[in-house]
Amino acid sequence: MRTPHTDKYDGGHDLVEYATGQGGDDKHDEVEVRIINGNEAFNEAMIREPPRPWTWSTLQLYCACFIGFFCATMNGYDGSLINNLLANPAFLEFYQGENAGIWAGIVTSMYQIGGVVSLPFVGPSADTFGRRFGMWLGCLLIIIGTIIQGVATQKEGVKQFMGGRFLLGFGVNIASAAGPMYVVEVSHPAYRGIVTAIFNCFWFTGSIIASGVARGGANYSGNEGWQLIIWIQLLFACIIFGAAYFLPESPRWMYVNNKQEQSKDMLTKYHGDGNPDSEWVKLQLNEYEELLEMDGADKRWWDYRALFKNKSTCYRLFCNVAISIFGQWAGNAVLSYFMSKVLATIGITGKIGQANVILINNCQQFCWALLGANLVDRIGRRPLLLFSNVGCCFVWLAMTVSTAIYTMSIPSDPVAAADVPIGTNSVAGVVCLVFIFIFGAVYSIGFTPLQALYPVEVLSFEMRAKGMGFSGMAVAAAGMLNQFAWPVSMDKIGWRTYIIFTIWCGIQSIVIFFWIPETKNRTLEELDEIFNSPNPVKASLAKKRLGFDAYGEVVNIQDI
């Protein structure tokens, strides 16, 4: 029997030590010391049962998560779709539109409006019927919206096209909320960070496919090229729609919906590699029993009180919404939705040239996003977010200067500059193009992997579905500003728009530094320890000294 006693260590901190009682053996003495960030139970499980990433059951779980990744692919496809459509003269001629100004803002914003309207349906769909059903329902609406959008005729005009985009936004918001919830809840705790971070990296798989289809369609004359882009949007929605029923359900959802045995079976198969006594199975089931609300607000579709019931839940929701909005307002929307207009300001006006730049940029961003996903558990969430925001601030500053210099070199003769405003300072134009690619790299390393991971993991289970609905609404609302404000701004003040992004990225960096806590090295339930503390940021960065015995059990815990 071990009995604890208190000693002093390193300047007066309390050190809890365990000594063996009568008949004890020295195997329970401290034989190893580790300084850790995160929760001691999580780190103890990592030592006693190191996870094996390539077992058959783990590979099956990766495949299930891979299907969930396609929710991000659908979102990325639409982001690049509208970008490529606005760069397609046949599309603009068919609907008598333009790639900047109010027309572009209204057409693209219908997607965001659909996302805002979907808010009341996100929580109930994923809470009542499960995370798989949320993805399935979202994909059903996407399929219907794509068909409405695809069959829109010139006679019906842009109204039917916008109606289809509204339904697309509605469905994508439900699927984009259910997707990361599903992935983060079924993933093994040791790999939750990187797997869920990869989720949003698949935004670029959709973006690259859309850009590639648009590039191929650019060789066709008439409407076939841009209509092909629209119909390919059905592909991933149909895959998820058909596969969702066969995926394993979230163990947390099953546990709080009186399916404890099924929850344990899922954990045993996929997290314990068939061993019901696995450290990871016992750790999670103990935390479910202790921390999950069996009769929480997630059982009542109308009850949103869980999001605001105390300081801790409000702080969680603030972190969720802040990162969701910051990911939209770093200036990436201009380079995602209105790249055609941005490229035109530096003299790249040809359809083929613009399609090539958009495709290359999407490919390089995907590579940088995967690098960032591999860093979320190694260096943490906060460092990546700070790097991206501070980096974007400096990149926008450079973009402002180089674009201003290039613009000044455009001939003042209204006849010479009427249709193709090409400047004479080619160096400034090339520099600006280089910084477009640098922005994509800096943004993708931090923001892309964390836009899905961080907002979903900071919410408790009771909050998660409805909170992700708020996250989706925040993204859609922020996107509406992007769609209405920035095309008009690019049309009226051009490169001066970049000054706004320079200042705002600096503000985002300050908010992240002072108020956004670190979340690595903890299970989802262990994050309660951070958000229930008086200072969540300080608590999340605190280090502990752990002493382990010969059996790998924690025998000493010291705050340092």
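**Reading salt bridges, burial and helices**

Trainee: In what do the side chains of Arg-305 and Asp-303 meet?

Mentor: Side chains of opposite charge can pair when their charged atoms come close. A salt bridge is counted when a side-chain nitrogen of Lys or Arg is within 4 Å of a carboxyl oxygen of Asp or Glu. Arg-305 and Asp-303 meet in such a salt bridge, at 2.9 Å from N to O. This is a predicted model, in which local features need pLDDT of at least 70 and side-chain atom pairs count only at pLDDT 80 or more, while totals for chains, interfaces and linings use all residues. Residues are numbered from 1 along each chain as its sequence is written, and side-chain values use heavy atoms, with hydrogens and water left out.

Trainee: Is Asp-303 buried or exposed?

Mentor: Buried means under 20% relative accessible area, exposed means over 50%, and partly exposed is in between, with a 1.4 Å probe and protein chains only. Asp-303 counts as buried because its relative accessibility is 2%.

Trainee: How many salt bridges does the structure hold?

Mentor: The structure holds 20 salt bridges. One of them pairs Arg-381 with Asp-377, the closest N and O atoms being 2.7 Å apart. Here Arg-381 counts as buried because its relative accessibility is 1%, and Asp-377 is partly exposed at 26%.

Trainee: Which residue does the side chain of Glu-529 meet in a salt bridge?

Mentor: The partner of Glu-529 is Lys-544, at 3.2 Å from N to O. This pair links distant parts of the chain: Glu-529 is in helix H23 (residues 528–531) and Lys-544 is in strand S4, 15 residues apart. Helices (H or I, at least four residues) and strands (E, at least two) are DSSP runs, numbered from the N terminus. Glu-529 is partly exposed, with a relative accessible area of 34%, whereas Lys-544 is buried at 10%. Elsewhere, salt bridges that share partners join Asp-127, Arg-131, Glu-185, Arg-464 and Lys-466 into one network.

Trainee: Which residues is Ser-250 in contact with, leaving aside its neighbours within four places in sequence?

Mentor: Contact means heavy atoms within 4.5 Å. With those neighbours set aside, Ser-250 touches Arg-131, Tyr-182, Glu-185 and Val-186. Arg-131 and Glu-185 also belong to the salt-bridge network. Ser-250 lies in the loop between helix H11 (234–243) and helix H12 (251–256), and it counts as buried because its relative accessibility is 0%.

Trainee: How is a helix such as H14 read, and how far does H14 reach from its first C-alpha to its last?

Mentor: An α-helix has 3.6 residues a turn, so residues three or four places apart point the same way. The expected span of a helix is 1.5 Å times one less than its number of residues. H14 has 13 residues and reaches 18 Å, close to the 18 Å expected at 1.5 Å a residue. The buried residues of H14 include Trp-280, Leu-283 and Tyr-288, and the buried residues of this helix pack against H1, H12 and helix H13 (260–270).

Trainee: What caps the N-terminal end of H1?

Mentor: A polar contact is a pair of N or O atoms within 3.5 Å; within protein, one must be able to donate a hydrogen and the other to accept it, and residues adjacent in sequence count only if both atoms are side-chain atoms. Asn-39 caps H1, with a side-chain oxygen 2.7 Å from the backbone nitrogen of Ala-41. At the start of H14, a side-chain oxygen of Ser-278 comes within 3.2 Å of the backbone nitrogen of Trp-280. In H1 (residues 40–48), Phe-42, Asn-43, Glu-44 and Ala-45 are buried. Their cover includes strand S3 (32–37), helix H14 (279–291), strand S4 (543–548) and strand S5 (554–559).

Trainee: Which residues form the nonpolar patch on the surface?

Mentor: Patches are made of residues with over 30% relative accessible area and no salt bridge; like charges are joined within 9 Å, and nonpolar side chains (Val, Leu, Ile, Met, Phe, Trp, Tyr) within 5 Å. Accessible areas come from the Shrake-Rupley method with a 1.4 Å probe, and for residues only the protein chains shown count as cover. The patch consists of Phe-318, Ile-510, Phe-513, Phe-514 and Trp-515, with about 520 Å² of accessible area together. Helix H22 (residues 497–515) gives the most to this patch, with four residues. Phe-513 lies in H22 and counts as partly exposed because its relative accessibility is 44%.
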